[in-house]
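Here's a quick tour for anyone meeting this structure for the first time. Have a look at the sequence and the model, then read on.

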Amino acid sequence: MKGVPNYLVALALMALACSIASAYDPAPLQDFCVAVNSSTDAVFLNGKFCKDPKLVTPDDFFFAGLNTPRNTSNQLGSNVDMLPVDTILGLNTLGVALARLDFAPNGVNSPHIHPRASEILIVLEGTLYVGFVTSENSFFTKTLYAGDLFIFPIGLIHFQINVGTTNAVAFASFGSQNPGRITISENLFGANPPIYPEVLVKAFQLDTNVVESLQKKFSQLNTNVVESVQKKFS
């Protein structure tokens with residue numbers, strides 16, 4: 001579509017995909033249920049506190065800035081900007097969420113799991129090598145170019161890495177308003193309190209000193225991430 005920005009085309013495709021798929025979250029029993037943090041000016045519907053429909057505005061369903069490149073100046077060379085219900089309150093009970101993914105050359109979105117949602121990834125710019133591993137250790141992988149799409153089934157370990165020489169941009173849609181994320185390395189080696197090292201030594205067949213070093217490194221990384229998120233929403 002000449003004259004239409006690529007990211008708008010991608011969003012339209014993901015919206016269509018979500019509309020014809022069965023969302024993982026339970027179906028709502030009303031038109032919408034905009035999330036609210038307190039019961040003041042709220043009604044109780046479908047087991048949730050929702051903003052009084054009379055007080056709902058278009059801004060409850062709006063988010064601006066998806067066309068803006070994200071900062072990839074970090075150790076992974078990537079930035080995943082999740083837009084779940086906490087960011088767009090109008091997503092509450094609708095069973096969908098969105099993310100923008102930016103990659104510097106060689107940037108990686110580490111192996112991780114979304115425990116509550118399948119994912120549809122659409123590449124807008126660049127070249128991504130992606131894949132997921134099944135519960136039977138089968139590895140499904142593909143190299144994606146601009147305009148390509150790939151699906152990651154719910155609960156399976158998956159990743160993306162930029163194998164091109166330029167920046168890469170992708171959008172992802174999820175079949176849950178809060179898909180969650182478990183990053184394998186960060187959650188195992190950065191757990192708080194730490195996992196008993198001997199568990200990880202035997203599981204990964206590593207030396208104790210290596211495990212303790214990784215635990216120290218990821219513990220500090222997680223602390224930095226938490227502080228960054230808190231600063232973003234403060």
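Which residues does threonine 183 touch, not counting residues up to four places away in sequence? They are Ser110, Pro111, His112 and Leu188, where contact means heavy atoms within 4.5 Å. Before going further, keep in mind that this is a predicted model, in which local features need pLDDT of at least 70 and side-chain atom pairs count only at pLDDT 80 or more, while totals for chains, interfaces and linings use all residues. Residues are numbered from 1 along each chain as its sequence is written, and side-chain values use heavy atoms, with hydrogens and water left out.

**Threonine 183 and its sheet**

- Threonine 183 sits in strand β12, residues 182–183 (helices, H or I, have at least four residues and strands, E, at least two; both are DSSP runs numbered from the N terminus).
- Threonine 183 is buried, as its relative accessible area is 4% (buried means under 20%, exposed over 50%, and partly exposed in between, with a 1.4 Å probe and protein chains only).
- β12 belongs to an open sheet of five strands, ordered β8-β7-β10-β5-β12 with antiparallel pairing (two strands pair if DSSP finds at least two bridges between them).
- β8 (139–144) and β12 are the edge strands, each with a single partner, so one side of each has no neighbour in the sheet.
- Inside the sheet, β5 and β10 (residues 157–162) run antiparallel and are joined by three bridges.
- Asparagine 109 has glutamine 160 in β10 as its bridge partner.

**Nonpolar cores**

- In soluble globular proteins, nonpolar side chains tend to be buried together.
- Here the largest nonpolar core has 18 residues, and Leu101, Leu121, Leu128 and Val130 touch the most other members (a core is a set of buried Ala, Val, Leu, Ile, Met, Phe, Trp, Tyr and Cys residues joined through side-chain atoms within 4.5 Å).
- At least two residues of this core come from each of β4, β6 (119–125), β7 (128–133), β9 (149–152) and β11.
- Another core, of ten residues, lies apart from it and includes Ala35, Leu66, Leu91 and Leu124.
- Leucine 121 has contacts that include Leu101, Leu144, Phe152, Gln160 and Ala172, leaving aside residues up to four places away in sequence.

**A cavity**

- There is one cavity of 30 Å³ or more (on a 1 Å grid over the protein atoms alone, a cavity is a set of points where a 1.4 Å probe fits but cannot get out, and lining residues have an atom within 4 Å of a point).
- The largest cavity holds about 40 Å³ of space (a volume is the space filled by probe spheres set on grid points, which are joined across faces, edges and corners).
- β3 (78–83), β4 (97–103), β5 (108–113) and β11 (168–174) each give two or more residues to the lining of the largest cavity.
- Among the lining residues are Val80, Leu101, Asn109, His112, Glu119 and Arg181.

- Most residues other than glycine have a negative phi, and most peptide bonds are trans.
- The peptide bond from asparagine 192 to proline 193 is cis, with omega near 0°, and proline 193 lies in the loop between α2 (184–189) and α3 (197–204).
- Asparagine 106, in the loop between β4 and β5, has a positive phi of about 70° and is exposed at 62% relative accessibility.
- Asparagine 137, in the loop between β7 and β8, has a positive phi of about 65° and is exposed, with a relative accessible area of 66%.

How values were computed. On a 1 Å grid over the protein atoms alone, a cavity is a set of points where a 1.4 Å probe fits but cannot get out, and a pocket is an open set with protein on both sides within 12 Å along at least five of seven lines; lining residues have an atom within 4 Å of a point.
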